[in-house]
Amino acid sequence: MKKLIINAKIINEKNKLTSVHMLVEEGKISKIYDNNIKIEDILSVYNPNVIDANNNLILPGFINSNASLLKKFFYEKNNFNDYNDFIEKFENFKQNLTEEEKYLIYKFEILNSIKNGITTICDEDFYNLSLKKAVLETKIRPVYKVGINNCFENINEILIKKLNQQNTNVILALNSVLFNNEDNFSKMISLSKIYDRPIFCNSSFSLFEAGEVDTSFNSSTINLLNNYGFLDYDNILFSANVLDKEDYNILKHSDINLLFSPSFNLSFGYPNANIYALNQNNKIGLSSFKNDYFLEMFLLKNLENNNYDKLNLFDYFDIFKMTTKNNAEIIKQNLIGEIKEGNFADLVIYDIKYLTKENQILQNLNSANIISSFINGEEVYNKNIELFNTELINKINKI
């Protein structure tokens with residue numbers, strides 16, 4: 001069924017509001033009309049189902065490229081002394097979960113994500129039956145992470161061929177980089193070249209002692225990747241939790257893509273990566289440990305960095321692109337993250353009628369109400385319909 005979204009406001013590349021109508025066909029935005037086009041003329045040609053945005057703002061859905069759904073759920077229910085304490089207790093928690101409990105947590109956290117404007121998630125524990133079931137029921141767009149060490153299913157050529165034939169959204173992963181080896185790095189680069197998939201490199205927990213890393217390699221993650229020649233490959237995505245000065249000096253000469261979650265770092269009192277300086281050469285994607293991009297945007301805007309001089313500060317339009325367009329590009333999902341013809345209709349409608357100054361809309365987005373969210377042009381959230389039923393909440397509270 002064709003849909004016509006009328007009386008919508010979108011933000012263009014010049015960070016200006018513009019009024020449009022949008023035609024959605026087969027889950028994609030097929031046409032964007034200037035609002036001076038008569039609606040009757042469009043209706044006479046396409047006979048679509050009409051959705052009135054009532055002059056509210058429509059933005060592309062947020063993309064959480066490192067969601068960590070189980071970790072988020074566990075973190076919010078417990079107290080920890082430090083990150084090492086958190087990881088140790090979390091691993092015990094995860095090992096004792098039944099598949100049904102995993103499914104319930106995934107569904108609960110995905111619904112919370114959708115309620116917060118997130119329409120795409122990539123999780124460190126992807127490609128397992130519990131999560132696949134929750135994804136199908138909630139209709140969120142998944143990007144599956146498969147790889148070596150700490151991923152649910154180790155990558156092999158048979159699996160990647162199968163996923164590629166199914167046209168599944170996949171990124172490769174080298175979790176806990178410090179505990180991998182050169183053979184694994186070479187294997188990943190080979191698969192990445194064959195199937196044009198980005199490689200996600202997750203920092204080890206030991207990296208949180210930035211500058212004092214003590215591992216069998218006696219090297220930081222960035223040093224290790226650099227020594228193996230891994231940073232010479234341009235299809236790398238690195239989770240930039242903590243970077244010391246030596247790491248920065250290496251990264252600033254590469255075009256590696258970076259993911260950063262301010263709330264995750266600040267939760268454990270660690271300094272932030274120097275993303276202000278790295279943004280000069282590297283593409284930055286913002287991830288959300290708390291599944292709350294409004295919080296991440298605010299924290300990123302206001303972070304202090306005592307170790308480096310800030311070359312420039314981000315404005316809110318830059319930060320917004322980190323949560324949408326940048327994230328889409330660095331995980332090779334080029335048909336989401338931006339409102340344009342041909343892209344999937346993953347859209348969120350915000351009530352912004354009370355915001356009068358154009359340059360304050362993104363800055364004050366956390367004060368706006370999400371009216372509804374669409375994935376593939378299908379409404380998956382509406383503020384007038386409760387997402388959570390009593391049965392789900394009761395089961396979650398028992399875990």
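Me: Where is Lys 332 placed?

Reply: This is a predicted model. In it, Lys 332 sits in the loop between α14 (325-330) and β13 (347-351). Its phi is positive, about 60 degrees, although Lys 332 is not a glycine.

Me: Why is Lys 332 called partly exposed?

Reply: Its relative accessible area is 31%. Buried means under 20% and exposed means over 50%. Lys 332 falls in between, so it is partly exposed.

Me: What is the phi of Asn 54, and where is Asn 54 found?

Reply: Phi of Asn 54 is near 55 degrees, a positive value in a residue other than glycine. Asn 54 belongs to strand β4 (residues 49-60). At 40% relative accessibility, Asn 54 counts as partly exposed.

Me: What makes Asn 282 buried?

Reply: Its relative accessibility is 3%. The cut-off is under 20%, so Asn 282 counts as buried. Asn 282 lies in the loop between α11 (275-278) and β12 (284-286).

Me: Which backbone oxygens does the side chain of Asn 282 reach?

Reply: The side chain of Asn 282 reaches the backbone oxygen of Ser 254 at 3.0 Å. The backbone oxygen of Ile 256 is 2.9 Å from a polar atom of that side chain. A polar contact needs N or O atoms within 3.5 Å, so both distances meet the cut-off. Leaving out residues up to four places away in sequence, Asn 282 touches Leu 251, Lys 252, Ser 254, Asp 255, Ile 256 and Leu 258.

Me: Why is the pair of Phe 73 and Phe 108 called edge-to-face?

Reply: The count of aromatic pairs comes to 18. In this one, the ring centres of Phe 73 and Phe 108 are 6.4 Å apart, and the planes stand at 85 degrees. Pairing needs centres within 6.5 Å, and edge-to-face needs over 60 degrees. Both conditions hold, so the pair is edge-to-face. It links distant parts of the chain: Phe 73 is in helix α2 (residues 69-77), Phe 108 is in helix α4 (residues 99-115), and they are 35 residues apart. Phe 73 counts as buried at 3% relative accessibility, and Phe 108 counts as buried at 17%.

Me: What are the distance and angle for Phe 264 and Phe 289?

Reply: Their rings are 4.9 Å apart, centre to centre, with 70 degrees between the planes, an edge-to-face pair. Phe 264 is in helix α10 (residues 262-267), and Phe 289 is in the loop between β12 and α12, 25 residues apart. Phe 264 is buried at 8% relative accessible area, and Phe 289 counts as buried at 4% relative accessibility. Ring pairs link residues into a cluster that includes Phe 73, Phe 108, Phe 264, Phe 289 and Phe 388.

Me: Which rings have a charge over them?

Reply: Among them is Tyr 103, with the charged end of Lys 133 sitting 4.1 Å from its ring centre. Arg 141 lies over the face of Phe 344, at 4.2 Å from the ring centre. The distance cut-off is 6 Å.

Me: How do you know that Asp 292 caps α12?

Reply: A side-chain oxygen of Asp 292 lies 3.1 Å from the backbone nitrogen of Phe 294, at the N-terminal end of α12. The buried residues of helix α12 (residues 293-302) include Phe 294.

Methods. Residues numbered from 1 in each chain as written. Predicted model: local features only at pLDDT ≥ 70, side-chain atom pairs only at ≥ 80, totals over all residues. Heavy atoms only, no water. Buried < 20%, exposed > 50% of the residue type's maximum accessible area, 1.4 Å probe, protein only. Helix = DSSP H or I, 4+ residues; strand = E, 2+ residues; numbered from the N terminus. Polar contact = N/O pair within 3.5 Å; in protein donor to acceptor, adjacent residues only side chain to side chain. Contact = heavy atoms within 4.5 Å. Phe/Tyr/Trp six-rings, centres within 6.5 Å; stacked < 30°, edge-to-face > 60°. Lys NZ or Arg CZ within 6 Å of the ring centre and 35° of its normal.
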